[in-house]
Amino acid sequence: MEKVVKNEEKEAVSLSWDEIFRIEEGRKKLGEQMPVALYRMFEYSLRDTLTQMYGKESMIKVFRAAGEMAGREFYKKNLDGDLMLNDFLAQIQQKLLEYNFGMLRVEKFDVQTGHAVLAVSEDLDCSGLPASGETVCNYDEGFIAGILNAYTHKEYVVTEIDCWATGDTVCRFDAKVKE
């Protein structure tokens with residue numbers, strides 16, 4: 001991970017991704033599992049704090065950028081980029097299930113243009129939230145973009161078009177190669 005410095009503030013602590021994933025050393029009894037509610041407390045308190053401090057658009061940019069970074073690292077640690085597209089997509093589905101991230105369904109993937117429509121049911125970020133009228137899975141937008149960028153070596157823009165928070169029962173993402 002890169003060190004983050006804002007103006008003249010102190011540098012943030014920077015850990016490598018390998019250090020972050022050494023969970024078994026510090027959580028020998030509790031392991032990797034934790035309730036979704038606690039994850040959401042972290043996520044939504046961070047969203048609210050960033051929105052209050054920097055505005056909604058900046059918060060969204062931060063969540064997308066963080067998700068993209070995590071998606072690239074997830075790709076490196078968990079996915080085989082040498083697989084053919086259908087096998088690669090199946091591997092993503094399996095890994096997201098394995099990590100309880102959500103259940104991915106590939107609704108469309110145009111190999112010529114790279115345009116994809118992906119749906120995630122039981123999404124970690126929002127499934128079960130009350131409808132607010134706005135999509136909220138900005139981290140997931142970046143996460144998906146990061147994985148697709150790493151696999152295709154093309155820059156993707158991913159936009160959530162349906163969300164539990166908009167009254168839908170799945171989160172649907174429109175993924176396009178950036179022009």
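The model is predicted, so local features need pLDDT of at least 70 and side-chain atom pairs count only at pLDDT 80 or more, while totals for chains, interfaces and linings use all residues. Residues are numbered from 1 along each chain as its sequence is written, and side-chain values use heavy atoms, with hydrogens and water left out.

**Aromatic rings**

- Rings of Phe, Tyr and Trp (its six-membered ring) pair if their centres lie within 6.5 Å; by this rule there are seven aromatic pairs.
- Tyr139 and Phe143 form a stacked pair (planes under 30 degrees apart), with 6.1 Å centre to centre and 25° between the planes.
- Both residues lie in helix α6 (residues 138-152), four residues apart, about one turn of the helix; helices are DSSP runs (H or I, at least four residues), numbered from the N terminus.
- Phe143 is buried (under 20%), because its relative accessible area is 6%.
- Ring pairs link Phe74, Tyr99, Phe101, Tyr139 and Phe143 into a cluster.

**Charge over a ring**

- Arg47 lies over the face of Phe63, 5.4 Å from the ring centre (for Arg, CZ within 6 Å of the centre and within 35 degrees of the ring normal).

**Helices α4 and α5**

- The axes (lines fitted to C-alpha atoms over the stretch in contact, with angles from 0 to 180 degrees between N-to-C directions) of α4 (residues 56-78) and α5 (residues 85-98) come within 12 Å and cross at roughly 100°.
- Helix α4 is therefore roughly perpendicular to α5 (65 to 115 degrees).
- Phe74, Tyr75 and Asn78 of α4 and Phe88, Gln91, Lys95 and Leu96 of α5 make the contact (heavy atoms within 4.5 Å).

Definitions and conventions:
Phe/Tyr/Trp six-rings, centres within 6.5 Å; stacked < 30°, edge-to-face > 60°. Helix = DSSP H or I, 4+ residues; strand = E, 2+ residues; numbered from the N terminus. Buried < 20%, exposed > 50% of the residue type's maximum accessible area, 1.4 Å probe, protein only. Parallel < 35°, antiparallel > 145°, perpendicular 65-115°, else oblique.
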